Amino acid sequence: MKRVLVAIPAIGIFALAGAAGLIYSAEDPHWGLGLQVVSTFVTLLLCSAYFLVPPKRRLGWYRTLMAWAAVLMFSYVLSTVIPGTTPYEMGTRDVAKVLPWFLVPVALIVFPIWLIFTLFYLMFASEAIRPTAGLDLNRNKFLYSLAVLGILFGFLNGLQVFPGEWGPLGLNETAILGMVYGFLLLLRPPQRLNLLIAIVMGFFLPVYVVGPPGLNTGFRPAFQFLWGEPLNLGALTDVMITLAFFPASVWLLRRRKRR
């Protein structure tokens with residue numbers, strides 16, 4: 001029931017955003033680009049606020065961050081109906097042809113990529129309601145180095161819309177996981193989130209290596225700048241975040257199991 005109470009306001013917010021976008025996008029069809037950049041900076045500032053809030057207020061900070069992450073992740077699904085945003089094309093067009101617009105996000109949950117977005121949304125929403133993370137800084141240099149990589153490339157991922165070759169997807173792309181989970185690595189992320197990260201990153205890692213036809217990200221496009229081709233910042237940030245978070249999440253899971 002509590003998850004429903006979290007979902008209803010989120011759906012309402014994006015419904016209003018979509019209605020406003022219908023009016024605004026008529027004048028500026030690229031308004032979503034600005035929203036993604038703004039949400040990227042807001043996410044970074046919200047994560048950094050950990051170092052400013054008193055220890056007694058950290059639980060409130062964490063709940064706010066998780067709620068914000070849930071809203072951003074939910075925008076992945078709603079990107080199918082928010083004007084000015086560019087959703088993944090996996091099943092979107094086919095489903096949109098046979099269903100009314102307000103049922104498209106619901107129907108897309110059956111597709112694996114959209115199911116991943118939904119699971120992360122539920123995870124963040126659940127953490128906002130029942131926090132399970134440790135909120136004290138850890139002293140593990142290994143996790144610190146991987147956290148810095150995730151935060152850096154997550155931030156760059158949110159800004160890679162500037163060249164204009166990648167349209168905005170929802171309000172914030174891989175930057176959500178890059179910055180949010182990166183900052184949590186400085187603390188003690190919840191085990192359920194570690195497990196989900198390990199599964200998702202473990203899935204994408206071989207996909208990025210194989211580079212199946214139609215995939216515009218992966219190891220080859222990520223490092224094509226090394227042999228003189230244009231820099232593909234989106235692919236580079238995807239790969240680097242995966243390389244940072246997969247070992248970090250597996251290490252945390254193994255450490256917890258030993259205890």
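In the predicted model, helix α7 spans residues 141–159 and helix α8 spans residues 175–185. Their axes come within 7 Å and cross at roughly 155°. Because angles over 145 degrees count as roughly antiparallel, α7 and α8 are assigned to that class. The passage of α7 across α8 is a left-handed crossing. On the α7 side, the contact involves L143, L146, A147, G150, I151, G154, F155, N157 and G158. These residues meet A175, G178, M179, G182, F183 and L185 in α8. Classified by residue type, the contact of α7 with α8 comprises nine nonpolar and six polar residues, with no charged residues.

The axes of α8 and α9 come within 12 Å, with a crossing angle of roughly 135°. The crossing of α8 past α9 is left-handed. From α8, the residues L177, Y181 and L184 contribute to the contact, while α9 supplies L193, N194, I197 and M201. By class, the contact of α8 with α9 contains six nonpolar residues, one polar residue and no charged residues.

Two salt bridges are present in the structure. In one of them, the side chains of D136 and R58 meet at an N to O distance of 3.5 Å. This pair links distant parts of the chain, its members being 78 residues apart. D136 lies in the loop between α6 (112–129) and α7, whereas R58 belongs to helix α3 (residues 58–78). D136 counts as partly exposed because its relative accessibility is 45%. R58, at 19% relative accessibility, counts as buried, since the cut-off for that class is under 20%.

A salt bridge is also formed between the side chains of E127 and R192, with an N to O distance of 3.0 Å. E127 is buried, its relative accessible area being 0%. R192, by contrast, has a relative accessibility of 38% and therefore counts as partly exposed.

Terms used: Residues numbered from 1 in each chain as written. Predicted model: local features only at pLDDT ≥ 70, side-chain atom pairs only at ≥ 80, totals over all residues. Heavy atoms only, no water. Axes fitted to C-alpha atoms, helices over the stretch in contact; angles between N-to-C directions. Helix = DSSP H or I, 4+ residues; strand = E, 2+ residues; numbered from the N terminus. Parallel < 35°, antiparallel > 145°, perpendicular 65-115°, else oblique. Left-handed = near helix turned anticlockwise from the far one by under 90°. Contact = heavy atoms within 4.5 Å. Nonpolar A, V, L, I, M, F, W, Y, C, P; charged D, E, K, R; others polar. Salt bridge = Lys/Arg side-chain N within 4 Å of Asp/Glu carboxyl O. Buried < 20%, exposed > 50% of the residue type's maximum accessible area, 1.4 Å probe, protein only.
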